[in-house]
Amino acid sequence: MSGSTFKYTSYIRATPESLWSALTSTDVIKQYWFGMKADSDWKVGSKWKFYFDGELMDSGEILESVPQRRLVRSWLNEWKPEFKAEGASRCAYELEPIGASMKLTITHSIERLNSQLIGSLSEAWPMCISNLKSLLETGEVALSEHPGHGESPA
């Protein structure tokens with residue numbers, strides 16, 4: 001696929017069940033994604049939406065859902081006009097057991113060269129996944145507030 005891609009891998013001491021639950025549970029997502037409210041049933045063909053303080057931030061469709069192994073969704077940024085103008089991107093989560101841990105690989109891509117959205121994700125994804133890892137391993141997130149410049153989370 002030509003275009004722009006961001007790929008991030010993290011190793012998390014968690015079970016396949018707990019990691020999958022964290023990726024698809026509204027209550028858990030809100031903890032590690034800086035207060036973002038998720039709305040979806042995470043089934044193929046279903047819509048998903050992320051809200052922050054009641055404002056729609058991101059939306060899309062669930063393209064693949066294999067519990068504890070793989071989740072793929074289309075992703076449209078709704079809050080920043082220049083990102084929304086780029087159109088929908090694709091985000092794939094790959095979960096792989098490695099001993100007592102899980103390898104989580106996120107590949108976020110769009111069929112657009114030099115995508116501003118994908119460029120912004122190089123900071124946003126590591127913050128969210130660091131929070132997810134800390135939450136699953138210690139019960140607390142690493143960052144309680146998004147360190148952006150007064151903007152809503154990505």
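**Entry 1. Tyr93**

I looked up Tyr93 and found it buried, at 2% relative accessibility; buried stands for under 20% relative accessible area, exposed for over 50% and partly exposed for the range in between, with a 1.4 Å probe and protein chains only. The model is a predicted one, in which local features need pLDDT of at least 70 and side-chain atom pairs count only at pLDDT 80 or more, while totals for chains, interfaces and linings use all residues. Residues are numbered from 1 along each chain as its sequence is written, and side-chain values use heavy atoms, with hydrogens and water left out.

I placed Tyr93 in strand 6. Helices (H or I, at least four residues) and strands (E, at least two) are DSSP runs, numbered from the N terminus. I then listed the contacts of Tyr93, contact being heavy atoms within 4.5 Å. Neighbours within four places in sequence aside, the partners of Tyr93 include Leu23, Trp33, Arg69, Leu71, Trp75, Leu104, Ile106 and Trp125. The side chains of Tyr93 and Arg73 are joined by a polar contact of 2.4 Å. A polar contact is a pair of N or O atoms within 3.5 Å; within protein, one must be able to donate a hydrogen and the other to accept it, and residues adjacent in sequence count only if both atoms are side-chain atoms. I also noted a C-alpha separation of 9.9 Å between Tyr93 and Glu64, which are 29 residues apart along the chain.

I traced an open sheet of seven strands with antiparallel pairing, in the order 1-7-6-5-4-3-2. Two strands pair if DSSP finds at least two bridges between them. Strand 1 (4-12) and strand 2 (37-39) are at the edges with a single partner strand each, so one side of each has no neighbour in the sheet. Neighbouring strands of this sheet are turned against each other by 20 degrees on average, direction ignored.

I followed the pairings one by one. Strand 1 and strand 7 run antiparallel and are joined by nine bridges; Thr9 stands opposite Thr105 in strand 7. Nine bridges also pair strand 6 with strand 7 in the antiparallel sense, and Arg90 has Ser109 in strand 7 as its bridge partner. The hairpin of strand 6 and strand 7 has two residues between the strands, and Gly99 takes a positive phi near 60 degrees there. Strand 2 and strand 3 (residues 47-52) are antiparallel over three bridges, with Ala38 partnered by Phe50 in strand 3. For strand 7, I found eight of the 10 residues buried, so this strand is largely enclosed by the rest of the structure.

**Entry 2. Helices on the sheet**

I checked which strands the helices cross. Axes are lines fitted to C-alpha atoms, for helices over the stretch in contact, and angles run from 0 to 180 degrees between N-to-C directions. Helix 1 (residues 16-24) lies across strands including strand 1, strand 4 (55-66) and strand 5 (70-77), and runs at about 160 degrees to strand 6. Helix 4 lies across strand 1, strand 5, strand 6 and strand 7, at about 15 degrees to strand 1.

**Entry 3. Core and rings**

I examined the largest nonpolar core, which has 40 residues; Tyr32, Trp33, Phe50, Tyr93, Leu104, Trp125 and Leu132 touch the most other members. Helix 4 (residues 116-138) gives the largest share of this core, 10 residues. A nonpolar core is a set of buried Ala, Val, Leu, Ile, Met, Phe, Trp, Tyr and Cys residues joined through side-chain atoms within 4.5 Å. Neighbours within four places in sequence aside, Tyr32 contacts residues including Ala22, Leu23, Cys128, Leu132 and Val141.

I counted 10 aromatic pairs. Rings of Phe, Tyr and Trp (its six-membered ring) pair if their centres lie within 6.5 Å; planes under 30 degrees apart count as stacked, over 60 as edge-to-face and the rest as tilted. Trp33 and Phe50 form an edge-to-face pair, because their ring centres are 4.9 Å apart and their planes stand at 75 degrees. Both Trp33 and Phe50 are buried. The rings of Trp48 and Trp75 have centres 4.9 Å apart and planes at 65 degrees, so this pair is edge-to-face. Trp48 is in strand 3 and Trp75 in strand 5, so the pair ties together parts 27 residues apart in sequence. Trp48 is buried at a relative accessible area of 0%, and Trp75 is buried at 4%. Ring pairs link Tyr32, Trp33, Trp48, Phe50, Trp75, Tyr93 and Trp125 into a cluster.
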